[in-house]
Amino acid sequence: MCLAVPGRILDKRADAIATWLARVDFDGVIKEVSLAFVPEAEVGDHVLIHAGFAIAVLSAEEAAATLAEFAALAAGAR
Amino acid sequence: MSCPLPSDGRDRITLAHGSGGRLTRRLVEEIFAPAFDNALLAPLCDAAVWTEHAGRLAFTTDAYVVSPLVFPGGDIGHLAVCGTVNDLAMMGARPKHLSAAFVLEEGLPLAVLKDLVRSMAACAREAGVAIVTGDTKVVERGKGDGLYVTTAGVGVCATATPLGPSMIADGDVVIVNGDLGRHGMAIMAHRAGLEFDEPLLSDVACLHEPVLALIEAGIPLHCLRDLTRGGLATAIVELAQASARGVVVDGGAIVVSRPVAAACDLLGLDPLYVANEGRFVACVPASAADAALAVLHAHPLAREARVVGRVGGVTPGWAVLETPYGTRQKLDLLSGDQLPRIC
Amino acid sequence: MSNAPYRDPGIVRALAQAIAARMTRPWSVMEICGGQTHAILKYGLDQLLPKELTLIHGPGCPVCVTPAEAIDFAVALAARPDVVLCTYADMLRVPGTSQALLDARAAGGDVRMVYSPLEAVTIAREHPAREIVLFAIGFETTAPGNAQAILSAASAGLANFAAIVAQVTVPAALDALLDDPRQRIDGLLAAGHVCTVTGYDEYHALAARHATPIVVTGFEPVDLLRGLQRCVELLEAGRAEVANCYERYVSEHGNAAARALLSRVFAPADMGWRGLGTIPASGYRIREEFAAFDAWRKFVPGSSLPRSDAGECLAGEVLRGLKKPNECPAFGTRCTPAQPLGAPMVSGEGACAAYFRYRPPAAA
């Protein structure tokens, strides 16, 4: 199903029906998306975007834990 | 609607501009002829006539229907010249003369037409080609995207033997002159409303100079193919099928710029299949690879040229991609345009 | 934060080795999502795995399973001169009973591709004299956005916006799939992006009922291998549990705001899945409060949700993972992407199209 891509929030603004819109930076490409489902997301947060909507905020702790797991795996494999 | 408006068409194209009368003449004399300005065009006859020395000629045509007419990095005028020049160059021919047939939509602002024609003229001048004959027709409002143009081109072959897929041999390397996907993504991104921190521009360019440089340096060229719609993958699949040879593409050698990669990720597109307008592949014997790269690297349009594949090592007629994971992915033609996806 | 670490070939190799080392017997694992199938085949990840680990491709391709009747309805509406039919690009080429939306456009229909469902609402606001119809397909990942479009139209008091709701939901479909006595699925990889919205609280009962471990898995090569590794570990340990290997985006209860909006705008409904038949409570209908935005009721008064195709098409067994695409007698001969016999060959995410494109080549 679902193509969803991570990006970083550059700025936020409220729209006509009081949900948040944000300009999100996808590794140099900037697109405006809706933050209707992650209203708590702040500038600087990384969000996962699907069909113009942020559906999740990246958990920095979980990402760090996952990456640490990779590092251990890579070290163990050598 | 039976008769065209009796206006003098001051700032927009009207049906009268296509009827072959006074207004058509005005278009030619005020816009096309001054811009394209050359001795073969000047008589404004039904055809351009010149004497050509004996030798192999290359002749090609292409229609250009891009929308929007102006896109980041270029416009339909550039495309119309470069596309046809490149088709000639891919046969190892020095491009010489072009024709340009315009289909204009009623309502097209004259200012837009003037800009596009100027663009074509500048591109042609820089490429050393002349637009020596042309035509103009006008269609009713709603029946065209503002402007369509078809160019045909004649060139003189500069290689001793003809180039083509039948020349491709096992052991040949496949060289591409730069990174992929700029043209298609510049257009797609413009349509999708994407901004970029570094602007993404089409790579539209005339490629005959790096090709002629290869020929002049005596590099034994087997086959050239410019990458247009369908990208690198399509060109390689077509070459593999036409030559009945296997081609293995090294995924790790392919270069995709950061903005193109990011835009492709965002829209769910594969950069290998995205259109280019300033890129070509050259199949040369492996022994000539280093020399070919040296010649290309000296040219501004090919500084990033590199070997991206080799002929042989897989079922004849197949093109496969070696992935970063050590696996192989069979490349095939797409059934239609690549479209952005949400799934 | 790019996806590069999740594409690292070294990590992929290490995970593949870890899987091989852990396996003591053959296992069959189904990845639910079409996007996961696509990634596995595109990168040839299945070639890195031990032969005893069989990957079965699931029905998680909304384009493949959207009922033909829904597409027919969209095509019929697109033919009306007053209608602007807005669709995700994925649906443009998929034929309903005979025509696809691209055919409708060629015949003069105003069919527009949207990246976000909110664009359809904007079009409605800008063209008050036209009837804007959003073809609202997708799984639970896409459904909240579709719901938000309906809510936005309602808040703006738009009378010219409606949605063809043809969405499908995962848990009931999994239940039906796993109930099928022909199934040989030992473990499941759940669709990571669906789970960012829904969470995985509903999967515990499924895992227990069917004694099948379910691992929430992402889409990048490392994510996929990690999910497979966890699934193999659970299978080897005999633990029919739910595990989350997409922790950076997925939590147990998912996205509360999205789930709340789904409940507000939609109610569960029986749904016909193309190729699979009707599965109870596996889709959505628009709630009464938003009935004015229900295209089915607006344009065909008295009608209801699309029923399933009568009987199963060739795709039925492929979508259930009972057959691999290349085990279908028509595959690659009578059925190709250029001349497809069914949706899984038309859709880019469909298992048949993915196999046709990426099936491993023979070495010369």
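**Entry 1. The chain C sheet**

I began at one residue pair: Val84(C) stands opposite Ile132(C) in E5(C). The model I am reading is a predicted one.

I then asked how the strands around that pair run. Strand E3 (residues 83-87) of chain C and strand E5 (residues 131-138) of chain C pair in the parallel sense, over four bridges. Next I looked up what packs there. Helix H4 (residues 68-78) of chain C lies on the sheet and touches E3, E4, E5 and E6 of chain C. I noted an angle of about 140° between the direction of H4 and that of E3(C).

In what order do the four strands of this open sheet come? I read E4-E3-E5-E6 (chain C), with parallel pairing. At the edges I found strand E4 (110-113) and strand E6 (161-167) of chain C, each pairing on one side only. Neighbouring strands of this sheet are turned by 25° against each other on average, direction ignored.

**Entry 2. Helix H2 of chain C**

Is helix H2 (residues 34-42) of chain C mostly covered or mostly open? I found it mostly covered, with seven of its nine residues buried. I listed the buried ones: Gly34(C), Gly35(C), Gln36(C), Thr37(C), His38(C), Ile40(C) and Leu41(C).

The strands are E1 (27-33), E2 (53-60), E7 (187-191) and E8 (214-217) of chain C. The helices are H11 (221-236) and H16 (351-358) of chain C. Just after H2(C), I noted that Gly44(C) takes a positive phi of about 65°.

**Entry 3. Chain A against chain C**

I turned to the contact between chains A and C. It brings 30 residues of chain A together with 41 residues of chain C. Which elements of chain A each supply at least two residues to the side that touches chain C? I noted strand E1 (5-14), strand E4 (46-50), strand E5 (53-57) and helix H1 (60-77) of chain A. H1(A) gives the largest share of that side, eight residues. By class, I read 21 nonpolar, six polar and three charged residues on the side of chain A that touches chain C.

E1(A) made me look at its partners within the chain. E1(A) pairs with E4(A) in the antiparallel sense, over four bridges. In that pairing, Arg8(A) stands opposite His46(A) in E4(A). E1(A) also pairs with strand E2 (residues 20-26) of chain A, again antiparallel, over six bridges. There I found Arg13(A) opposite Leu21(A) in E2(A).

**Entry 4. Chain B as a whole**

For chain B I counted up the secondary structure: eight helices and 14 strands. The C-alpha trace of chain B spans about 70 × 55 × 35 Å along its principal axes.

Why does the radius of gyration of chain B agree with a compact globule? A globule of 343 residues would have a value near 20 Å, and chain B has 21 Å, so the two agree. Buried residues make up 53% of the 343 residues in chain B. I also looked at contacts between residues at least 6 apart in sequence: in chain B, 84% of them join residues at least 24 apart.

**Entry 5. The two domains of chain B**

The domain assignment of chain B gives domain 1 (15-157) and domain 2 (165-331). Their centres, taken over C-alpha atoms, are 28 Å apart. The contact takes 20 residues from domain 1 of chain B and 21 residues from domain 2 of chain B.

On the domain 1 side, H2 and strand E4 (93-105) of chain B each supply at least two residues that touch domain 2 of chain B. H2(B) gives the most to that side, with 10 residues. I sorted the residues of the domain 1 side by class: 12 nonpolar, six polar and two charged.

**Entry 6. Leu79(B)**

I stayed with helix H2 (residues 76-89) of chain B, where Leu79(B) is found. Why does Leu79(B) count as buried? Leu79(B) has 26 C-beta neighbours inside 10 Å, and the cut-off for buried is 20 or more.

Leaving out residues up to four places away in sequence, I found that Leu79(B) touches Tyr64(B), Val66(B), Gly74(B), Val204(B) and Glu277(B). I also checked Gly317(B), which is 238 residues from Leu79(B) along the chain. Their C-alpha atoms are separated by 31 Å.

Methods
Residues are numbered from 1 along each chain as its sequence is written. Chains are lettered from A and ligands numbered from 1 in the order in which they are written. This is a predicted model: local features need pLDDT of at least 70, side-chain atom pairs count only at pLDDT 80 or more; totals for chains, interfaces and linings use all residues. Two residues are in contact if their C-beta atoms, placed from the backbone, lie within 7 Å. Ala, Val, Leu, Ile, Met, Phe, Trp, Tyr, Cys and Pro count as nonpolar, Asp, Glu, Lys and Arg as charged, and the others, Gly among them, as polar. Two strands pair if DSSP finds at least two bridges between them. The radius of gyration is taken over C-alpha atoms; the globule rule is 2.2 Å times the number of residues to the power 0.38. A residue is buried if 20 or more other C-beta atoms lie within 10 Å of its own, exposed if 12 or fewer, and partly exposed in between; C-beta atoms are placed from the backbone. Axes are lines fitted to C-alpha atoms, for helices over the stretch in contact, and angles run from 0 to 180 degrees between N-to-C directions. Domain bounds come from an automatic or database domain assignment.
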